[in-house]
Amino acid sequence: MAMPSPLATCAIVAVLFLLPPPSLAGDPDLLQDICVADLTSAVKVNGFACKATVTEDDFYFKGLAVAGNTNNTYGAVVTGANVEKVPGLNTLGVSMSRIDYAPGGLNPPHTHPRATEMVFVLQGTLDVGFITTGNKLVAKTITAGDVFVFPRGLVHFQKNNGDAPAAVISAFNSQLPGTQSLATTLFAASPEVPNNVLTKAFQVGTKEVEKIKSRLAPKKS
């Protein structure tokens, strides 16, 4: 069997380098015009199964028009407009959310494992930032009309240090970006992360770990 020429080999390698690796790709491309999510289906796929009957309401959501209730521990609330709220987003690879902040409110350090986030400030002023894998903080103060980007998977936060409420609209390149809050993930997981893991990781005692866990534990109804 003839061996490929050096030029052909170089061409193949070049093409492979140009192809986006799966780890960098966003949501899978759609294979039909629409695939409205059947949120009640027991079929497990990467995304949601398509439902047979589609209406205009599958593509409609008005939940971002009104400010959310920020009367909580962090003084901030996220209202999502993802595939779970807008079934028509299934396979389209986009979603949005609105985040409202009381004065002093914080959207605590978290990540979105499946999406880059871009925020547009509706009102107020926010101190925002993300941390690179090289442990560098990239931070800026943004105000009404400004845009800031948080790269996919990197830890980031937003803090309202002003005396007035603030709000942003966030856009994501995923129908369901996912959110992992660092504090909640580590100190309120179920089953619990062992105390000896947390005490060694944070260089604190068991009492401090238990105190944090008690504060972040889900409220019993």
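At 10% relative accessibility, Phe187 is classed as buried, a term used for residues under 20% relative accessible area, whereas exposed means over 50% and partly exposed lies in between (1.4 Å probe, protein chains only). Phe202, at 42% relative accessibility, is partly exposed. The model is predicted, so local features need a pLDDT of at least 70 and side-chain atom pairs count only at pLDDT 80 or more, while totals for chains, interfaces and linings use all residues. Residues are numbered from 1 along each chain as its sequence is written, and side-chain values use heavy atoms, with hydrogens and water left out.

**Aromatic pairs**

The structure contains three aromatic pairs. Rings of Phe, Tyr and Trp (its six-membered ring) pair if their centres lie within 6.5 Å; planes under 30 degrees apart count as stacked, over 60 as edge-to-face and the rest as tilted. In one of these pairs, the ring centres of Phe130 and Phe148 are 6.2 Å apart and the planes stand at 50°, so the arrangement is tilted. This pair links distant parts of the chain, with Phe130 in strand E5 (residues 125-131) and Phe148 in strand E7 (residues 147-150), 18 residues apart. Helices (H or I, at least four residues) and strands (E, at least two) are DSSP runs, numbered from the N terminus. Phe130 is buried at a relative accessible area of 11%, and Phe148 is buried at 10%. The rings of Phe187 and Phe202 have their centres 5.5 Å apart and their planes at 40°, so this pair is also tilted. Because Phe187 belongs to helix H2 (residues 182-187) and Phe202 to helix H3 (residues 195-202), the pair ties together parts that are 15 residues apart in sequence. Phe130, Phe148 and Phe150 form one aromatic cluster.

**Disulfide**

A search of the whole structure finds one disulfide, defined as a pair of cysteine sulfur atoms within 2.5 Å. The bond joins Cys35 and Cys50, with the sulfur atoms 1.8 Å apart. The angle about the S-S bond is -100°, and the link of Cys35 and Cys50 is left-handed. The pair links distant parts of the chain: Cys35 and Cys50 both lie in the loop between helix H1 (6-18) and strand E1 (76-81), 15 residues apart. Cys35 is buried at 4% relative accessibility, whereas Cys50 is partly exposed at 42%.

**Salt bridges**

Three salt bridges are found in the whole structure, each being a side-chain nitrogen of Lys or Arg within 4 Å of a carboxyl oxygen of Asp or Glu.

| Residues | Distance (N to O) |
|---|---|
| Asp58 and Lys51 | 2.9 Å |
| Arg98 and Asp100 | 3.0 Å |
| Glu192 and Lys213 | 3.1 Å |

Glu192 is exposed, with a relative accessible area of 55%, whereas Lys213 is buried at 5% relative accessibility. In the bridge of Arg98 with Asp100, Arg98 is buried at 9% relative accessible area and Asp100 is buried at 4%. Asp58 is buried at 6%, while its partner Lys51 is partly exposed at 27%.

**Sheet**

Strands of a sheet pair through backbone hydrogen bonds, either parallel or antiparallel. Here, an open sheet of five strands has the order E6-E5-E8-E3-E10, with antiparallel pairing. Strand E6 (137-143) and strand E10 (180-181) are the edge strands, each pairing on one side only. Two strands pair if DSSP finds at least two bridges between them. Strand E3 (residues 106-111) and strand E8 (residues 155-159) pair in the antiparallel sense over three bridges. His110 has His156 in E8 as its bridge partner.

**Confidence**

The chain averages a pLDDT of 89, and 87% of the residues score at least 70; pLDDT is the predictor's confidence in each residue, from 0 to 100. Over residues 12-20, pLDDT stays under 50, and the model has zero contacts beyond four places in sequence for these residues. A contact here means heavy atoms within 4.5 Å.
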